[in-house]
Amino acid sequence: MNQKVLEELVKKNKQYCCKGKNADYIPALAKINPNQLGITLYNIKTNETLSVGDSSVRFAIESISKVPALLLAIEDNGLSNVLKHINTEATGFAFNSPLNMEINHAKHPLNPFVNIGAIETTSLIKGNSSDECYRRLLTFIKEICHDNTISLNEEIYQSESKTGDINRSLAYYLKGNNMLSKDVEGVLEVYFKQCSLNVTTQNIAMMASVLANKGMKPWDNKRLISEESATLVKSVMTTAGLYDESGEFSAHVGIPGKSGVGGGLMGVAPNQFGLGIFSPPLDSSGNSLAGIKLLKDVVDELHLNIFD
Ligand SMILES: NC(=O)CC[C@H](N)C(=O)O
């Protein structure tokens, strides 16, 4: 694919920005300009980057941070220990639903990519204080995104924290059922901060390229995560990366994906590309509406569907 083809696809899909709605349960996200669409493709074979549209705009990573948090928790504890705390079942429920825990009287959160499982995941990151856990996660995110300038969006963090009572209820549920070993407010501080990091589509494409490249950073060929954890994470992204829209996404787009309510969307084309997309207006499941349409067009154009 060349620049011109990608520009055409962005132009074609820009019309969908007005069909979705910015997240507003985090008030700071409601204020973001909705008329934005950007994409970055990172080719892991040639190390070339292709970017079009609003690809250097910084936006809140939100739930895409659940991927690096899980990867770091696995690096810290080993995969089998993490899986003693969190299952990998696709839940089919909204990302913040308490049903992600309660169904089947589960003894663990059902999935690391819905909020209750993500809070549990964050609690598994090692550190002597919540600040140290956050710093370690930030360092890891800078490394996997190949960008040392990634930092906290203070306004979004304050907004998340002030309005985060559903997440608080999920964390207290975990604590009350002896599933959270750390203090609730400390874990939530790390979780709200990880969601409030400012990233670009370039950053997301780089992170996706490490997963596409079986855990090796394609830009320097050094291993960052184990192949085993890259494989596991891609699989969970395929079944649960887009919450209650994951089945539709897999059926119609056909690559591992992970979304965030800031409008970000990560796509992984194994052994080929890392993809990062940004467009703030969301569909009813909380996923970037124009972002999914654009990703589908790119996947079709490049024949990346893993089920083909
Ligand atoms: N789906 C999302 O991106 C949700 C992340 C957001 N910070 C929340 O916890 O509600």
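Predicted model: local features only at pLDDT ≥ 70, side-chain atom pairs only at ≥ 80, totals over all residues.
## Basis

Local features need pLDDT of at least 70, and side-chain atom pairs count only at pLDDT 80 or more, while totals for chains, interfaces and linings use all residues. Numbering starts from 1 along each chain as its sequence is written.

## Two domains

The protein splits into domain 1 (3–59 + 199–302) and domain 2 (63–195). These bounds come from an automatic or database domain assignment. Taken over C-alpha atoms, the domain centres are 20 Å apart.

In domain 1, 32 residues contact 31 residues of domain 2. Contact means C-beta atoms, placed from the backbone, within 7 Å. Helix 12 (227–240) is among the elements on this side of domain 1. Helix 12 gives the most, with seven residues. Helices (H or I, at least four residues) and strands (E, at least two) are DSSP runs, numbered from the N terminus.

## Ligand site

Residues around the ligand include Glu62, Phe95, Asn115, Glu160 and Gly260.

Five strands form an open sheet in the order 2-1-10-9-8, with antiparallel pairing. Pairing requires at least two DSSP bridges between two strands. The edges are strand 2 (48–53) and strand 8, each pairing on one side only.

Strand 1 (residues 38–43) and strand 2 are joined by six bridges in the antiparallel sense. Here Ile39 stands opposite Val52.

Terms used
Contact = placed C-beta atoms within 7 Å. Near = placed C-beta within 6 Å.
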